[in-house]
Structures are given as structure tokens and as C-alpha cells.
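Student: Could you take me through a close look at one part of this structure, and then show me how other parts of the chain are arranged around their own neighbours? I would like one connected explanation that I can follow with the model in view.

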Amino acid sequence: MINTEAVNIGIIGGGIRGSMFARGIRENPAANLVALCDPSQPTRAKAAADHSIPVFESVESMVQAHPEITAVVVATPDFAHRDAAVFCAAKGLDLMIEKPLATTVEDAAAINDAADASGARVMVGFENRWNTRFEAVRNLIQDGSNGTVVNQFINLNDTIFVPTKMLSWAAKSSPAWFLMPHSLDLAIWIGGAVPTSVSAQGSKRVLAGIGVDTWDSITATFTMSDGSYVVLNSSWILPESAPAVFDFRYEIQTTNSAFHIDGATHGITHLSPTSNSWPQLGVTERNGRITGVPVDMVNSFVDFLNGTNTDVPQGADGFLITQAIAAVHESLEQNIPVKISL
């Protein structure tokens, strides 16, 4: 049944993330899942069957057929955010865009400029802000009793499954674009400072050798506006025998304290006769409904649209991250430190 007072949302991109967001919106009583678009016919067919909604090949056809849509979720591949986001923003549609906002500074600026011109609101999907472990650490730092941040070290890595089997577009990305937006946004959000310069190093050996022309691993050291520094390590060539598809370890040192956060294990290790694994609890199902961090995030988007939650990462946050990661790649290519314009 359609709730006539709920916000009407369309989904752009029906892959792993888009289909999850679609279900989260469908189960939110304050939202109506109106339609979904994706260029892939099999993806459209699955979305139509899973969600009982109209599906379209293009965002233009979806918006034209459903003028009642007032907001969209952009869940296309990272490099393909601009066209869909600018088209929708120009029509005044509010946006939730998966991280990163875009993979060039020019694309990020075009999205925000289109939104500013029409008055469309933009939320960027930095989902770790909804993780209660990170929120707890942020609160402990911000209460003032645990000193000021001196440094932050974040290791966020994927197995080689991701760039070789999960993503068909890995050669258009890198560990910095795919992984570091998560960790850098966390460092900014928790530490309260912004990056002013970066020096990066990286390696191209494994993936280039099997025809995926991108970086294997990248280390980036950011100088922050408060004098602290942030070191991000990201690779996506861990062996597929790893206990989970990703590894996430976070250390923060302050003037009188330290915090160690394990973001991958959820406190569970499963030892079986053939392998060891870390069961993943990011999205779970209970009583026929899905819950978890990314679902909480899309529910906050609905709250944001309804005016009950403005504490979400917005277009300016996304633009800063795109600037910083673009600077990481500039440093890699030129082998020099690069300033980040604020």
C-alpha cells in the first residue's frame, strides 16, 4: 500500500548496494519505493521480481514515467555518479549518493553545483558514521577527557576477490577510491580536523600482471589542520583465504589515551574443519526485515528528507573527500607531497 504522506524514492543502480537500499526503503514506513533503473536487463528483471516495482533502463525514463519521485539513491559504480546525480539534482530531486561523491574534483563540483542551483539536498553514503563502535569512540574523544588527537592509523584492505571478481570496473578505480573514502571520512569525523596535505606511495605488481591496470596497495599520510596526522593503508590483494573479504583495523593516539578498534571481526571467529572465517553482521534479517549499518544509513536519509535528521554527511563532506583522494593520486603519480585546498 502506498503511503501518500511518505517520501517517494527511486533507485539508480540495482547491484548489490542498490538492491539492499531498495529493500531498506521498501520496509521503511515513511518512504515509498517507486521505481528502479539499471542498464542491465537481468538486474532489472531481478529487481522487478524482488521488489514488485517498475524498472527502467535509464534514469531519464524512470523520472519521466514517475514524476511523483522526489528523491533518488545513486548506487552506480563510483566513477559513474556524475551524469545521474546532475540530471536528478537539476530537476530538484534530493540525492543520497554512495561514497565517494565522485572520483574527480570536477565531477564532485558539478554535482554540488547542480544541487545548489536547484535547492536539492545531497547526502553522501559514508556508512561507517552509523557504526556504533566508531560513534562511541568519537563521543569519548569529543567529551574532552581523553586528550586531543595526535595521530590516527587505519588499515582497510580487501581480498583480491574484490578487484578481480566482484567489481567489473576495478581498473577504473583503486584502493584509494574504493576504500580510503571510508577511512578518511572516519578520521575527519572522529578527530574533528581536515586534511591540508598528503604524501602517498603505492605499488603496482599483482593486478597489473593479470590485466587489471590499477594500484595494488596505497599508503597515504595526511597532515591535518590541527597539527595531527593520519596514515591510511589500503590494498585489495589480500589472499581469498583471508577470514573475510575485508580487514579493518583502526588505532587512535591522543595526548593521554589510545583507542584500538577492530572493524572486521564483530568479535566472532568461526573455526571450521576446512577454514577460518569472521562471520559478517553488517546486514542481518530478523522477522522478515533487514537491519544493519547501511540500512540505518538509508533510514537516516529518509529522516533527512522529512526534516527530522540533519546530522548526516552532505555534499561539502563528499567534496572534501574527493579533493583529498584526488590529491593522493596526484602524489602517487608525481612522487611529491600535495597540498589540499580547503
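Tutor: Asparagine 8 counts as buried, because its relative accessibility is 16% and the cut-off for a buried residue is under 20%. Please keep in mind throughout that this is a predicted model. Asparagine 8 belongs to strand β1, and its side chain makes a polar contact, at 2.9 Å, with the side chain of asparagine 32. If we set aside residues up to four places away in sequence, asparagine 8 touches Asn32, Val34, Glu68, Ile69, Thr70 and Ala71.

In α4, which covers residues 82–90, the buried residues are Ala84, Ala85, Cys88 and Ala89. Looking down the axis of α4, you find these buried residues within an arc of 120°, so they line one face of the helix. The exposed residues Asp83 and Ala90 are carried on the face of α4 that is turned away from its buried side. As for what covers the buried residues of α4, the list includes β1 (7–12), α3 (59–65), β4 (71–74), β5 (94–98) and α5 (105–118). Just after α4 comes glycine 92, which takes a positive phi of about 80°.

Let us turn next to the aromatic rings. A search of the whole structure finds six aromatic pairs. In one of them, the rings of phenylalanine 153 and tyrosine 229 have centres 6.0 Å apart and planes at 85°, so this pair is edge-to-face. The pair links distant parts of the chain, since phenylalanine 153 is in strand β7 (residues 149–158) and tyrosine 229 is in strand β10 (residues 229–235), 76 residues apart. Phenylalanine 153 is partly exposed, with a relative accessible area of 26%, and tyrosine 229 also counts as partly exposed, at 34% relative accessibility.

Another aromatic pair, phenylalanine 178 with tryptophan 236, is tilted, with 5.9 Å from centre to centre and 35° between the planes. This pair, too, links distant parts of the chain: phenylalanine 178 lies in helix α8 (residues 175–178), while tryptophan 236 lies in the loop between β10 and β11, 58 residues apart. Both phenylalanine 178 and tryptophan 236 are buried, and together with Phe79 and Trp169 they form one aromatic cluster. Over the face of phenylalanine 178 lies lysine 99, at 4.7 Å from the ring centre.

Finally, consider the sheet. Seven strands form an open sheet with mixed pairing, in the order β12-β11-β7-β10-β9-β8-β17. Its edge strands are β12 (258–262) and β17 (338–339), each of which pairs on one side only. Strand β8 (residues 195–203) pairs with β17 in the antiparallel sense over two bridges, and valine 198 has valine 338, in β17, as its bridge partner. Strand β11 (residues 246–254) contains phenylalanine 246, which is 87 residues from threonine 159 in sequence but 6.1 Å from it in space, C-alpha to C-alpha. Leaving aside neighbours within four places in sequence, phenylalanine 246 is in contact with Leu156, Asn157, Asp158, Gly263, Ala264, Trp278 and Gln280.

Key:
Residues numbered from 1 in each chain as written. Predicted model: local features only at pLDDT ≥ 70, side-chain atom pairs only at ≥ 80, totals over all residues. Heavy atoms only, no water. Buried < 20%, exposed > 50% of the residue type's maximum accessible area, 1.4 Å probe, protein only. Helix = DSSP H or I, 4+ residues; strand = E, 2+ residues; numbered from the N terminus. Arc of directions from axis to C-beta. Contact = heavy atoms within 4.5 Å. Polar contact = N/O pair within 3.5 Å; in protein donor to acceptor, adjacent residues only side chain to side chain. Phe/Tyr/Trp six-rings, centres within 6.5 Å; stacked < 30°, edge-to-face > 60°. Lys NZ or Arg CZ within 6 Å of the ring centre and 35° of its normal. Pairing = 2+ DSSP bridges.
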